Amino acid sequence: MSLPPGFLDELRTRTSLTQVVGRKVMWDNRKSNPGKGDMWAPCPFHHEKSASFHVDDQKGFYYCFGCHAKGDAISFVRETENVEFIEAVRILAGEAGLPMPERDPQAQAKADRRTQLTEVMEQAVQHFRLTLKTGAGSAARDYLDRRGLDAATQDRFEIGFAPDGWQKLWDHLTAKDIAPDLIMDCGLARPSTRGGKPYDVFRGRIMFPIRDPRGRCIAFGGRAMDPNDNAKYLNSPETELFDKSRTLYNFAPAREATGKGAPLIVAEGYMDVIALAQAGFGAAVAPLGTAVTELQLQLLWRIADEPIMALDGDRAGLAAAHRVIDLALPLLEAGKSLRFALMPEGKDPDDILRAEGKGAVQKLLEGALPMVQLLWQRETEGRDFDSPERKAALDKVLREKIGLIRDPSIHGHYGQAIKDLRWHLFSPRRTSSGGSKGGKNAKGGWAKADLSARASTKKSLLVKSADGTLDHKREAVILAALIATPDICPDFETPLQEMECRDRLHSQLRDLLLRYAADGKDAVNAEINRSVGPDTLETLMALPHVAISPPVRHPGDVALAQMTVAEELAKIAAKRGLQAEIVDAAEDMMGLADEAVTWRLGQAAEARNRAVRSQQEDQAEYDLAENGARINRGERKEFDALLDKISFSKTRR
């Protein structure tokens, strides 16, 4: 069976030799370097103990230094599975998700024609290169000099020039007896609409040959010399040779450079790639005038685990980065992701290299953001989340985006990363102090009022007696109740975020509850043990005021836990409100006191007393004794009734 041209190239591009061979061997971790695709193992073709079998995943070949076996993925499957060539291709195509082509009796004729087309393209490359060196190319040479491209770089990328004129290339190729249909099928000329000779596609442009992974010229990109030209950059039309959705500019040299440890950089255009390569960043590629496609992503991940997207620092560049995120999320696999180096606004890598040098670009690459961070930035930057509705909308869109991820492990890690970022956004520590009356923070939400005593009143008698011992105990009861019944945490998320814990341990426990309560009680306990120590929970639950609290005595009673947490939070809030009024009143008394001060203090004190008495007496199952302990209301009534009987009996006697 003959295969169509390009099918085997596509198969080899999509297939990882390391994965194919890895099913048959045990890699030697001491000699292997997975990051560079440089793997070693004992040879599967002859018995040995040393790791003499070498796989170069970047080049797609294996070689044994013992028995001298060598080949690619197809030959490896043939030898190890004992199958014919076509069957080996069929096996690999099934693994790569590439459908086998139907039997094509004309395949050899198509292959021969493809060879003819590539020969015509090479003739065009030579013509454009020679034209650049003539008088017609003087303006183009000046432009390249101004862009800082030296002669060696121009030769390395085979840059040429297509002069003005409708049939310059056409006349050159036909004079070499090249058939007109071949020139047309290469995408180098178009038929005239006026009945004349076909005309050249590229005119008055600096020319950049575009080559496939095997180094064959399959298309051109042209940069207009005329600033008023409607198309600044023009690519070849799609042909039998060229499919722009499957092609990356400079792919083959970049693959070789990544094999030597260079980071893979994805820029927007030819000039960026060439400038980066000239500066020493040899593993640079670019899509061809279109958004990055799924097939191009697979090509990138074929040669690097984390390509760096170095897109222009303008609105279009950022929009392109966002489109790449949406495309990549369903395709993520363990170890395969993207990072984003955001260029300064209005600049591209070429601009930065010319203005600031290689070090500036290197710094941007080293600071490249992981994809999850740019996803978060896209959904939050420049937006206010000062209402529950806006927060809910943020949660919804992030859930939808994370839901696109197919890999369960990556899905879970993205969920945790988003949860951490959300915590930092809405954490009370991020809000700015707005004075005693509060103020708007950076995101538009209202910052918490500063209830701490001012310097002038810190030592006043009014404040001195308000120590935080009782509040500290109440915090412990709240935290213990929530740890015992984490399902109720969402009901208290906002007051819990705003709870100003008295010590570092309470603050840590609060933060862990907010971040992990949704994962269940076991997850909360495990994270507490990991983060603050295995004895923390036992110590907390053993505290006298915690041990006698109803949620600890009756774990799993949701209603009881809700009531306890609500009451204790209300008491803390009421007490701190009273303290704030006392502090303000003390300052007011330094000036002119009036009846308003007395009324304010009275109102605050009454609010505090109501909270201590509890606003849920009718629903409460427990009363608070003089010593702070909780007493079962039914048992207390029975005891009071018994005391009344005893007292009545004594009276009668």
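The sulfur of Cys-217 lies 8.7 Å from the closest cysteine sulfur, that of Cys-186, which is too far for a bond. A disulfide is defined here as a pair of cysteine sulfur atoms within 2.5 Å. A search of the whole structure finds zero disulfides. Cys-186 is accordingly in no disulfide, the sulfur of Cys-217 being the nearest cysteine sulfur to it. Cys-186 is buried, with a relative accessible area of 1%, and Cys-217 is buried with a relative accessible area of 0%. Buried means under 20% relative accessible area, exposed means over 50%, and partly exposed is in between (1.4 Å probe, protein chains only).

The structure is a predicted model, in which local features need pLDDT of at least 70 and side-chain atom pairs count only at pLDDT 80 or more, while totals for chains, interfaces and linings use all residues. Residues are numbered from 1 along each chain as its sequence is written, and side-chain values use heavy atoms, with hydrogens and water left out.

Helices (H or I, at least four residues) and strands (E, at least two) are DSSP runs, numbered from the N terminus. Two strands pair if DSSP finds at least two bridges between them. Four strands form an open sheet in the order β1-β2-β3-β4, with antiparallel pairing. β1 and β4 stand at the edges with a single partner strand each, so one side of each has no neighbour in the sheet. Four bridges connect β1 to strand β2 (residues 53–56), and in this pairing His-54 of β2 is the bridge partner of Trp-40. β2 and β3 are also joined by four bridges, with Tyr-63 of β3 as the bridge partner of His-54. The hairpin of β2 and β3 has four residues between the strands, and Gly-60 takes a positive phi near 80 degrees there. β3 and β4 pair over two bridges, and Tyr-62 stands opposite Gly-71 in β4. The hairpin of β3 and β4 has five residues between the strands, with His-68 at a positive phi near 65 degrees.

In a regular strand the side chains alternate between the two faces of the sheet. In β3, Tyr-62 and Cys-64 make up a covered face, and Phe-61 and Tyr-63 an uncovered one.

Strand β8 (residues 205–211) is largely enclosed by the rest of the structure, because seven of its seven residues are buried. Both faces of β8 are covered, with Arg-205, Met-207, Pro-209 and Arg-211 buried on one side and Ile-206, Phe-208 and Ile-210 buried on the other. Strand β5 (residues 160–162) runs antiparallel to β8 and is joined to it by three bridges; Phe-161 stands opposite Ile-206 in β8. Strand β9 (residues 217–224) is also antiparallel to β8, and seven bridges join the two. Gly-221 in β9 is the bridge partner of Phe-208. β8 and β9 form a hairpin with five residues between them, in whose turn Gly-215 has a positive phi of about 85 degrees.

Rings of Phe, Tyr and Trp (its six-membered ring) pair if their centres lie within 6.5 Å; planes under 30 degrees apart count as stacked, over 60 as edge-to-face and the rest as tilted. The structure holds 15 aromatic pairs. Trp-40 and Phe-65 form a stacked pair, because their ring centres are 5.8 Å apart and their planes are at 20 degrees. Trp-40 lies in strand β1 (residues 38–41) and Phe-65 in the loop between β3 (61–64) and β4 (70–71), so the pair ties together parts that are 25 residues apart in sequence. Tyr-63 and Phe-65 are edge-to-face, because their ring centres are 4.9 Å apart and their planes are at 90 degrees. Trp-40 is buried, with a relative accessible area of 15%, whereas Tyr-63 is partly exposed at 28%. Elsewhere, ring pairs link Phe-157, Phe-208, Tyr-233, Tyr-249 and Tyr-270 into a cluster.

A nonpolar core is a set of buried Ala, Val, Leu, Ile, Met, Phe, Trp, Tyr and Cys residues joined through side-chain atoms within 4.5 Å. The largest such core has 60 residues, of which Ile-159, Leu-188, Ile-206, Phe-208, Phe-220, Tyr-249 and Leu-276 touch the most other members. Another core, of 43 residues, lies apart from it and includes Ala-257, Leu-300, Trp-301 and Phe-340.
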